[in-house]
Amino acid sequence: MHINSAMQRESTNDPFTIECKDVILREYRIEDLDEFYALTQQSEIIEFLPGWDVPKEQRQDWLIHYETVENKQFLKAVAEEGGDIGQLRLRLGIISKETGEFIGWCCTGIKEQLPPPNREIMYAISKNHRNKGYTTQAAQGMIDYLFSQTNVEELSAVALIRNTPSNKVIQKCGFELIDTIEIEDEAYQYYKLYKRK
């Protein structure tokens, strides 16, 4: 894993990145809007992440006024606060090294429906790039970054019981199954991963 750190970015104005084997995790850019929105309209993503299915204008508003802004706050906290990220979220696009395409996302934030400490990682990938190991690489890149560069000591992950691919990614990343929980009348597998392990 190679991280384009805050110090490197200040000198080049490059976006924050985490390099994995076949993909790069990169902070969102306004230019991602069209590809990002198209992904949220794929039926496979709508099925498991219905809250991401919003009008393009809403997606643009979130991207400009919330997501890119909070990413900067998160990265600033890592650089200046000794990795104390508090409740901040980090949202990164999954970029294909081969094509440069925005093919998914991998994010971390507080999952309010879980008992604290409840920092979650979550992800989604285009139907055209499934079963290639990209999501596992992205999730592992995010996990390694959080455990090495922030004060995070444990992570949570949830996946709908019927979402077999997502459960497999979580398990491949070393998460332990804690319980089955209900969120908004849906049954989820609830997992934990601890830095000390």
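Which residues in α5 are buried? In α5, the buried residues are Tyr134, Thr135, Thr136, Gln137, Ala138, Ala139, Gly141, Met142, Ile143, Tyr145, Leu146 and Phe147; buried means under 20% relative accessible area, exposed over 50%, and partly exposed in between, with a 1.4 Å probe and protein chains only. This is a predicted model, in which local features need pLDDT of at least 70, side-chain atom pairs count only at pLDDT 80 or more, and totals for chains, interfaces and linings use all residues. Residues are numbered from 1 along each chain as its sequence is written, and side-chain values use heavy atoms, with hydrogens and water left out.

**View 1. Helix α5, residues 134-149.** Helices (H or I, at least four residues) and strands (E, at least two) are DSSP runs, numbered from the N terminus. α5 is mostly covered, with 12 of its 16 residues buried. The end C-alpha atoms of α5 are 22 Å apart, which agrees with the 22 Å that its 16 residues should span at 1.5 Å a residue. The expected span is 1.5 Å times one less than the number of residues in the helix.

**View 2. Asn71 in helix α4, residues 56-80.** Asn71 has a relative accessible area of 0%, so it is buried. Leaving aside neighbours within four places in sequence, Asn71 is in contact with Glu27, Tyr28, Arg89, Leu90 and Arg91. Contact means heavy atoms within 4.5 Å.

**View 3. The hairpin of β8 and β9.** Strand β8 (residues 176-183) pairs with strand β9 (residues 186-194) in the antiparallel sense, over seven bridges. Two strands pair if DSSP finds at least two bridges between them. Lys192 in β9 is the bridge partner of Glu176. Two residues lie between the strands of the hairpin. Glu184, in the loop between β8 and β9, has a positive phi of about 50° although it is not a glycine. Asp185 is found in the loop between β8 and β9, and its phi is also positive, near 65°. Most residues other than glycine have a negative phi, and most peptide bonds are trans. Glu184 counts as exposed because its relative accessibility is 68%; Asp185 is exposed, with a relative accessible area of 70%.

**View 4. The cis peptide bond between Pro116 and Pro117.** Omega of this bond is about -10°. Pro117 lies in the loop between β5 and β6.

**View 5. The largest pocket.** The space in this pocket is about 1,500 Å³. Its lining has 49 residues, of which Phe48, Leu49, Trp52, Met122 and Tyr123 lie nearest the centre. The elements that give two or more residues to the lining are α3 (43-48), α4, β5 (102-110), β6 (119-125), α5, β7 (154-160), α6 (164-172) and β9. The lining residues divide into 22 nonpolar, 11 polar and 16 charged. Here Ala, Val, Leu, Ile, Met, Phe, Trp, Tyr, Cys and Pro count as nonpolar, Asp, Glu, Lys and Arg as charged, and the others, Gly among them, as polar. On a 1 Å grid over the protein atoms alone, a pocket is an open set of points where a 1.4 Å probe fits, with protein on both sides within 12 Å along at least five of seven lines; lining residues have an atom within 4 Å of a point. Grid points are joined across faces, edges and corners, and the volume is the space filled by probe spheres set on the points.

**View 6. Thr164 in helix α6.** Thr164 counts as partly exposed, at 43% relative accessibility. Thr164 and Glu81 are 83 residues apart in sequence and 38 Å apart in space, C-alpha to C-alpha.
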